[in-house]
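Here is a short briefing for a first look at this structure. Keep the sequence and the 3D view side by side as you read.

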Amino acid sequence: FGLLRQVRTDGALYMRGTGEAHHLHITEQGPAKVLAIGFHAESEADLHRLAREAAGAGEVEPLNEPGGGKRVRLREHNGFTIEVVHGVATTSTLPERHSVLNTGERRTRLGELQRIEPRPCQVKRMGHAVISTPEIEASVAWVGRHLGFLVSEHVHAEDDPNTLLASFNRADR
């Protein structure tokens, strides 16, 4: 899916993108399921604030995995685990391949046939996560209160504008 191996341990595979993040995805041995979604905090102080103030939060703990850092685990109201991390090592960026059709530098396609070499896509960073929940309004309130997310857009049922079907939220960064 465009991710690259960063580290493989006896129990986990750490995958990275072309950006500076040490890793973007961790696959652990065991049953196939999502264990958590992680977000980066701006400071270690933010981790300690979450540990004190967020309902369902654990303690700030060291990340004993490649890249290091610290984390706080939050259990949101549906029981799903959210990890907020800080201090994970960064790494050097990797070269990015761009299509010869879209370099932004020059117009190489004028007057000649272009063929794009088949190759895997590249991932720079992960910027979206989807959480399915039976209680959309409560989940929106939870991520707003604990993670500072803002609503970008609500999607309502066509035949009932009071029925919320989905909510798009963002970190205002």
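On the face of helix 2 turned away from its buried side sit the exposed residues E137 and R145. The model is predicted.

**Helix 2: size and end**
- Helix 2 covers residues 136–147, which makes 12 residues.
- From first C-alpha to last, helix 2 reaches 16 Å. That is close to the 16 Å expected at 1.5 Å a residue.

**Helix 2: the buried side**
- The buried residues of helix 2 are I136, S139, V140, W142, V143, H146 and L147.
- Seen down the axis of helix 2, these buried residues fall within an arc of 160°, so they line one face of the helix.
- What do the buried residues of helix 2 pack against? Their partners include helix 1 (44–53) and strand 4 (37–40). Strand 6 and strand 7 (81–86) are also among them. So are strand 8 (150–156) and strand 9 (164–170).

**S139, a residue of helix 2**
- S139 is found in helix 2.
- Is S139 buried or exposed? S139 has 11% relative accessibility. The cut-off for buried is under 20%, so S139 counts as buried.
- Leaving aside neighbours within four places in sequence, S139 is in contact with E76, H77, N78 and T133.

**V72, a residue of strand 6**
- V72 lies in strand 6, which spans residues 70–75.
- V72 has a relative accessible area of 0%, so V72 is buried.
- Which residues does V72 touch, not counting those up to four places away in sequence? The contacts of V72 include L47, L50 and A51. Also among them are G58, E59 and V60. I82, E83 and V84 complete the list.
- V72 and E83 are 11 residues apart along the chain. Their C-alpha atoms are separated by 5.8 Å.

**Strands 1 and 2**
- Strand 1 (residues 4–8) and strand 2 (residues 12–16) run antiparallel.
- How many bridges join strand 1 to strand 2? Four bridges join them.
- R8 has L13, in strand 2, as its bridge partner.
- A hairpin links strand 1 to strand 2 through three residues.

Note on methods:
Residues numbered from 1 in each chain as written. Predicted model: local features only at pLDDT ≥ 70, side-chain atom pairs only at ≥ 80, totals over all residues. Heavy atoms only, no water. Helix = DSSP H or I, 4+ residues; strand = E, 2+ residues; numbered from the N terminus. Buried < 20%, exposed > 50% of the residue type's maximum accessible area, 1.4 Å probe, protein only. Contact = heavy atoms within 4.5 Å. Expected span 1.5 Å × (residues − 1). Arc of directions from axis to C-beta. Pairing = 2+ DSSP bridges.
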